[in-house]
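Here's a quick briefing on the charged side chains in this one. Have a look at the model first, then read on.

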Amino acid sequence: MFLSMDMAKGLLRRFVEAAAAAGILLALAGCQDGDGKTGANGVKDGQAAVIAPGKPGEPARTLSPEQAAEERPDDTPNAADHAYVRRMIEHHRQALVMSALAPDRASAEGVRGLADRIAAAQQPEIGAMEKWLTRYPAPGGGGADGHDHAAMPGMATEQQLEELTEAKGTDFDRLFLKLMTAHHEGALTMAGEALRGGNNVAVEEMANEVVATQSAEIHRMRAMG
């Protein structure tokens with residue numbers, strides 16, 4: 001099947017985006033100008049090509065967009081991916097509830113600033129995860145993951161949230177840092193589970209982002225405490 005230049009470029013772009021997300025390093029060859037002949041590697045003159053680096057000691061390969069698409073890794077979401085996204089949305093929502101208390105209750109500027117950064121980071125992450133669920137609905141259309149969200153790692157109890165709501169000044173600062181540190185540590189546990197058991201590239205990226213940002217914030221909160 002002959003692909004137009006636009007179709008070839010579109011197919012190439014989609015593959016390269018997926019391959020890059022999966023950590024595959026690709027070098028792009030320019031479009032082949034010529035008389036439309038097909039070479040031994042299956043790439044037609046005038047068609048975009050992909051150069052895929054070979055394994056150590058092996059030469060690189062030149063692929064047509066069709067061949068490159070066939071080698072795209074399968075990142076179909078599995079149960080671990082779906083469970084992580086659904087649970088992390090609820091986990092992030094509690095962090096937003098806790099952070100929203102800081103402006104009126106915290107005494108330390110550092111605590112208020114930390115709460116602002118947490119809210120600024122996690123609200124967009126919730127949006128990204130909700131979009132992911134729309135794109136990859138759970139098999140059978142179910143939305144429940146069979147887990148008690150209150151029992152997720154790091155989640156504050158209702159009593160702890162009430163205590164945080166009633167606290168003021170340095171008492172609030174101390175309790176906020178304690179609860180949010182535990183909350184972040186729980187998020188790292190969940191991200192680690194997703195990285196070990198999941199299959200979807202986008203979920204892997206989200207989990208890695210959680211590990212990077214929340215690990216840094218844990219160190220910051222321990223220093224503040």
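How many salt bridges does a search of the whole structure find? The search turns up four, where a salt bridge is a side-chain nitrogen of Lys or Arg within 4 Å of a carboxyl oxygen of Asp or Glu. Keep in mind that this is a predicted model, so local features need pLDDT of at least 70 and side-chain atom pairs count only at pLDDT 80 or more, while totals for chains, interfaces and linings use all residues. Numbering runs from 1 along each chain as its sequence is written, and side-chain values use heavy atoms, with hydrogens and water left out.

**Salt bridges within a helix**

- R93 and E90 pair up in a salt bridge at 2.8 Å, N to O.
- These two sit three residues apart in helix 3 (residues 79-100), so about one helical turn separates them; helices here are DSSP runs (H or I, at least four residues), numbered from the N terminus.
- Both are partly exposed, R93 at 34% relative accessibility and E90 at 26%; buried means under 20% relative accessible area, exposed over 50%, and partly exposed in between (1.4 Å probe, protein chains only).
- E90 and R93 also belong to a network of salt bridges that takes in E130.
- E109 bridges to R112, with the closest N and O atoms 2.7 Å apart.
- Both partners are in helix 5 (residues 109-135), again three residues apart, or about one turn.
- E109 is exposed at 57% relative accessibility, whereas R112 is partly exposed at 24%.

**A salt bridge between helices**

- R222 and E185 form a salt bridge, their closest N and O atoms being 2.5 Å apart.
- R222 is in helix 8 (residues 201-224) and E185 in helix 7, so the pair ties together parts 37 residues apart in sequence.
- E185 is partly exposed, with a relative accessible area of 31%.

**A buried charge without a partner**

- D173, in helix 7 (residues 169-197), is buried but has no salt bridge.
- Which side chain of opposite charge is nearest to D173? That's R112, 6.4 Å away; Lys and Arg count as positive and Asp and Glu as negative, with His and the chain ends not counted.
- Setting aside neighbours within four places in sequence, D173 is in contact (heavy atoms within 4.5 Å) with A106, S107, A108 and V111.
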